[in-house]
Amino acid sequence: MSERLWNILTEGFTRMLVPGLTVTIPLTVLGFSLAFVIAVAVALVQFAKVPVLKQVSRLYIWIFRGTPLLVQLYVIYYGLGQVGLRLSPFVAGVLTLGINEGAYCAESVRSALESIPVGQLEAGECVGMTWWQTIRRIILPQAMRTAFPPLGNSLIAMLKDTSLVSSITLAEMFMASKRLVGRYYEPMALYLEVAVFYLFFSTILTLLERWGEKKLNTYEYK
Amino acid sequence: MLEVRELKKSFRDQEILKGIDLTVEKGDVVAVIGPSGAGKTTLLRCINFLEKADSGAMTFDGADYDLGNMKKKDILSLRQKTGFVFQSYNLFRNKTALQNITEGLIVARKMVKEPAVAIAEEMLEKVGLLDKRDSYPSQLSGGQQQRVAIARAMAADPEIIYFDEPTSALDPELTGEVLTVMRRLAEEGMTMLVVTHELGFARSVADKVVFMEDGQVVESAPAGEFFAAPKTGRAKEFLRILDRA
């Protein structure tokens with residue numbers, strides 16, 4: 001490897017790592033937290049068959065699963081900006097990622113809820129607990145265990161999707177690599193370098209997921 | 001203590017319960033028997049509101065209720081006075097044996113933890129499973145799970161415990177240990193309404209037998225009388241077939 005390329009890559013290391021840690025990771029964590037909250041609420045509304053809200057949930061899932069994330073980003077950042085609701089690129093990114101991934105996660109949580117035998121809910125009600133108490137203490141904890149692997153998938157997907165937020169001017173990790181390519185014209189080396197960063201972060205998430213799954217497994221099977 | 005009058009229930013256009021009358025006196029063990037599809041389980045589920053009855057009246061502990069039109073508040077308070085044991089146990093899978101019992105006490109009855117644990121341990125001791133207090137349901141045999149489920153039903157000190165074919169999912173060996181627990185419970189004076197296929201249990205433990213067929217109570221009599229000389233032809237035939245098997 002030429003010395004020039006080596007120097008570019010070492011410069012790239014810090015120039016990508018810093019926005020990676022300060023933008024990409026917070027974007028992922030906040031976006032996924034939002035997605036998770038939305039997912040549980042939307043899944044419960046459907047599970048409980050709440051009239052009206054149930055239809056609203058289906059509409060939400062239909063729209064946000066049926067349109068591209070990139071288009072959603074443009075509508076929420078540029079579109080809302082035009083009609084007077086100016087969000088910072090970071091806030092627009094968190095919102096869009098959360099609402100978008102929330103639609104997918106809601107389906108994961110809903111199917112997990114529906115996989116819990118109805119006898120669990122009946123048993124809760126028979127010991128005098130209310131519907132909500134049973135959901136919170138018996139059904140949701142079991143459903144979360146089932147939903148954990150697909151939710152882990154969604155988390156990793158979101159980490160990678162944060163790269164799209166560069167298109168609404170947010171200086172995250174992928175934007176940093178694009179700028180370096182613009183300056184040095186070494187697309188192969190620099191884009192591979194940023195790919196390695198994404199791989200590194202997603203590997204950490206995978207390990208976390210595996211650890212979490214093991215912890216949640218305590219009560220299942222011998 | 002419990003009286004049910006004219007209980008009716010249909011699923012779609014099929015009538016499952018065609019007007020059931022049933023009385024359970026305090027301290028009695030009432031066995032509900034009859035062929036599959038008679039509506040025995042539906043009866044039990046309607047009395048505990050797991051299914052909504054179409055119509056009917058109920059008197060529980062002196063208070064009257066309209067089964068076709070129950071208030072949520074009444075359902076909740078009645079369930080705190082009753083225990084329910086399912087055919088498929090339905091222990092909370094994410095809770096240990098002990099937690100399965102304390103859960104209802106702490107969450108539904110707002111008991112503090114220490115006395116709840118003390119009660120749970122006492123109940124586990126009664127069903128002979130204190131050593132399994134920290135086991136999860138998946139680590140217990142079917143018979144053990146059902147015994148924990150009975151302990152859970154007993155813990156709230158209910159006025160009556162409903163049993164829905166409590167041994168039907170168990171092999172004969174495990175059936176014995178569950179029936180032993182139920183027998184002891186009956187001896188202690190617990191009021192029990194038991195849907196069962198165990199005629200031996202009904203014969204030796206029950207005070208009263210209710211024979212159901214096709215959504216109706218065909219015959220209702222003290223257990224001794226019923227088994228010695230059933231009055232209706234259908235009950236006679238039912239007993240004959242089962243005795244031969």
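This is a predicted model: local features need pLDDT of at least 70, side-chain atom pairs count only at pLDDT 80 or more; totals for chains, interfaces and linings use all residues.
If you have the viewer open, helix α1 of chain A covers residues 3–47 and helix α6 of chain A covers residues 131–161.

How do the two helices lie against each other? Two packed helices are described by the angle between their axes and the distance between the axes. Here the axes of α1(A) and α6(A) come within 10 Å and cross at roughly 135 degrees. That angle makes α1(A) oblique to α6(A), because angles over 145 degrees are what count as roughly antiparallel. The handedness of the crossing of α1(A) and α6(A) is right-handed.

Helix α1(A) has another partner to look at, helix α8 of chain A, which spans residues 187–216. At what angle do the axes of α1(A) and α8(A) cross? They cross at roughly 40 degrees and come within 10 Å. The pair α1(A) and α8(A) is therefore oblique as well, since the label roughly parallel is kept for angles under 35 degrees. This crossing of α1(A) and α8(A) is also right-handed. On the α1(A) side, the contact is made by A:L5, A:I8, A:L9, A:G12, A:M16 and A:G20. Facing them from α8(A) are A:A189, A:L190, A:E193, A:V194, A:F197 and A:F201. By class, that gives the contact of α1(A) with α8(A) nine nonpolar, two polar and one charged residues.

Now step back to chain A as a whole. Chain A has eight helices and zero strands, so its pattern along the sequence reads α-α-α-α-α-α-α-α. Along the principal axes, the C-alpha trace of chain A spans about 75 × 50 × 25 Å. The confidence scores for chain A average a pLDDT of 94, with 98% of its residues at 70 or more. Which elements of chain A have the lowest and the highest mean pLDDT? The lowest, 94, belongs to α8(A), and the highest, 97, to helix α4 of chain A, residues 89–115.

Chain B brings in strands too: its secondary structure comes to nine helices and 10 strands. Its C-alpha atoms fill a box of roughly 55 × 45 × 30 Å along the principal axes. Chain B has 245 residues and a radius of gyration of 18 Å, which agrees with the value near 18 Å that a compact globule of that length would have. The pLDDT of chain B averages 93, and 100% of the residues score at least 70.

Finally, let us bring the chains together. How many residues of chain A are in contact with chain B? There are 19, and they meet 22 residues of chain B. On the side of chain A that touches chain B, α5 (118–126) and α6 each supply at least two residues. The largest share of that side, six residues, comes from α5(A). By class, the side of chain A that touches chain B has eight nonpolar, six polar and five charged residues. For the complex, the predictor gives an ipTM of 0.92 and a pTM of 0.88.

Conventions
Residues are numbered from 1 along each chain as its sequence is written. Chains are lettered from A and ligands numbered from 1 in the order in which they are written. Axes are lines fitted to C-alpha atoms, for helices over the stretch in contact, and angles run from 0 to 180 degrees between N-to-C directions. Helices (H or I, at least four residues) and strands (E, at least two) are DSSP runs, numbered from the N terminus. Angles under 35 degrees count as roughly parallel, over 145 as roughly antiparallel, 65 to 115 as roughly perpendicular and the rest as oblique. A crossing is left-handed if the near helix is turned anticlockwise from the far one by less than a right angle, and right-handed if clockwise. Two residues are in contact if their C-beta atoms, placed from the backbone, lie within 7 Å. Ala, Val, Leu, Ile, Met, Phe, Trp, Tyr, Cys and Pro count as nonpolar, Asp, Glu, Lys and Arg as charged, and the others, Gly among them, as polar. pLDDT is the predictor's confidence in each residue, from 0 to 100. The radius of gyration is taken over C-alpha atoms; the globule rule is 2.2 Å times the number of residues to the power 0.38.
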